[in-house]
Amino acid sequence: MSRRRLTELYAALDHATTYEEWHEAALAHDVHTGANEWRADDHSSHVDAAELREHIAQMRALRSGGDALELASLLNDSLYRHASDLADIELYGVALAGPKHFVSDYLDEAVAALEWLAKTEVPGVPTEERKQRFRTAFKVYGNSALMLSGGATLGFHHLGVVKGLFKLGLLPSILSGASTGAMIAAGVCARNDEELQAMYDDPDSIRRDGLLPVGVRSAMREGAWLDPNQLDDVLSHNIGPATFAEAYAHSGRTLNISVSPTRTRQKPRLLTHLTAPDVLVSSAALASSALPGLFPPVQLKARHHGGEVIPHVPGERWVDGSIHGDLPKLRLARLHNVNHFIVSQTNPHVLPFVRHHGQQGLRPAVAGMTSAAIRSYGAYSADIARRATKRAPGALRQIADQAYALVNQDYRGDIDIHPQFHWSLYKKVMSNPTRDDLDAFIREGERSVWPKVALIRDQTRIGRAFEAALHELDAR
């Protein structure tokens, strides 16, 4: 193996400006390293490739013979049996361009079977019953969601992550966001596809001046150093006046925004078109971004059926959603039947501890062990502080509770995406991004998607096929 050629290939990966360029370099890398031969070899200790090949042949034969009922039964049993095996990260851990070929072959045939079943009339089975069977099968299989973490200004990386997935047709229809992630998710879900593309075509349409310091006297009086009215104006511009219900009807995307309570008696909320249909999306994004000490707590706003804007849950105030619900996986599972989570992670206190995930070798292993030890000690210390302040004044107890909630959360998903980490990023954490900064954030966010494309495409492929099949049936 030529070290010089390998260096050239890694340089080509690093300098790729589109996914197509990156994928071409990845294919060349796999040929040079022999990973393409690994992809072609059906041997695997993680999946029964022979059985998958047998199911592929059976599905093709049933399609060819027009036996829809038997095909539906086989497909249901086969997906139930093999879905978790096909998600094994070891199938994607050698080649850059994709998994073992038998994985792609199986998914190709499964998708073809679903498409055929949606288009084929079945004697004795009315269309409405077929639709119900598809809905039931989709519910059993589950949904995927894209979760955008907090991250202050670093959260602008999410714009690139969404762009990368959107351009490749891989953007899930369910999104959640907390803090800056809530701002990005709200802007995405308030736009249909044409409007989203127009936003990326004209990044100057995005206002970036949300952080405006207030005077010392005002800061001491309000307990917040940044002007909430300025951020409210920026979010209203970037998101628009839609409620959760209106955004869902307009874009077809399911928006979820985490907000954290200011009172211990209240629980964190996940605002969606199901739980808060009349709440203004911009006010939810403002509340989810209200980091204590920087912004004051926020009163949520809703649009009354008469059209006037009124308080939502009067008397309650809400703060940064990352504190208690950066990644509200359990609530997403309950509300939307989500069982597969793609996480774009940009939290400054999390990035140093996740940058080694998925990497192989001694150095990443040692770094990962060190990160885990630090995180474990932090959680232990925060728990001690929380218990020690049980009888302390309310503000001190609240700070201890919030610190414990921050360090004790699970910040990982089934697929984790995060920007390349370097300490210079921290200089930008609490500053309005310039246009050059915005371009860099979007570019790096998009690039962070490319190495995960094969994994994302394969693990969401059946779910997307179910959605397409239901659209096909609904059209009838």
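**Helix packing and a few residues**

Modeller: Let's start with helix α8 (residues 157-167) and helix α20 (residues 435-449), whose axes come within 6 Å and cross at roughly 50 degrees. That makes α8 oblique to α20 (angles under 35 degrees count as roughly parallel, over 145 as roughly antiparallel, 65 to 115 as roughly perpendicular and the rest as oblique). Axes here are lines fitted to C-alpha atoms, for helices over the stretch in contact, with angles running from 0 to 180 degrees between N-to-C directions.

Colleague: Before we go on, what kind of model is it?

Modeller: This is a predicted model, where local features need pLDDT of at least 70 and side-chain atom pairs count only at pLDDT 80 or more, while totals for chains, interfaces and linings use all residues. Residues are numbered from 1 along each chain as its sequence is written, and side-chain values use heavy atoms, with hydrogens and water left out.

Colleague: Is the crossing of α8 and α20 left-handed or right-handed?

Modeller: Right-handed for α8 and α20. A crossing is left-handed if the near helix is turned anticlockwise from the far one by less than a right angle, and right-handed if clockwise.

Colleague: Which residues in α8 and α20 meet?

Modeller: On the α8 side they include His157, Leu159, Val161 and Leu165, and on the α20 side they include Leu438, Phe441, Ile442 and Val449. Contact means heavy atoms within 4.5 Å. The residues of that α8 and α20 contact divide into seven nonpolar, five polar and four charged (Ala, Val, Leu, Ile, Met, Phe, Trp, Tyr, Cys and Pro count as nonpolar, Asp, Glu, Lys and Arg as charged, and the others, Gly among them, as polar).

Colleague: And at what angle do α12 and α14 pack?

Modeller: Helix α12 (residues 228-239) and helix α14 (residues 281-288) pack at about 135 degrees, axes 9 Å apart, and are therefore oblique to each other. The crossing of α12 and α14 is right-handed. Pro228, Leu231 and Ile239 are among the α12 residues there, meeting α14 residues that include Val281 and Leu286. By class, the α12 contact with α14 has seven nonpolar, two polar and one charged residues.

Colleague: New topic: where is the kink in α5 centred?

Modeller: On tyrosine 80, with a kink of about 35 degrees in helix α5 (residues 68-86). The bend at a residue is the angle between axes fitted to the seven residues ending there and the seven starting there.

Colleague: Which residues in α5 are buried, and what covers them?

Modeller: Leu71, Leu75, Leu79 and His82 are among the buried ones in α5. Buried means under 20% relative accessible area, exposed over 50%, partly exposed in between (1.4 Å probe, protein chains only). The cover includes α4 (49-65), α6 (101-119) and α21 (453-474).

Colleague: What about proline 328, buried or exposed?

Modeller: At 4% relative accessibility, proline 328 counts as buried. Proline 328 lies in the loop between α15 (322-325) and α16 (329-336). Not counting residues up to four places away in sequence, proline 328 touches Met147, Ser176, Ser258 and Leu270.

Colleague: How far is the C-alpha of proline 328 from that of methionine 147?

Modeller: They are separated by 8.5 Å, though proline 328 and methionine 147 are 181 residues apart along the chain.

Colleague: Last one, how many helices and strands in the protein chain?

Modeller: There are 21 helices and nine strands, taken as DSSP runs numbered from the N terminus (helices H or I, at least four residues; strands E, at least two).
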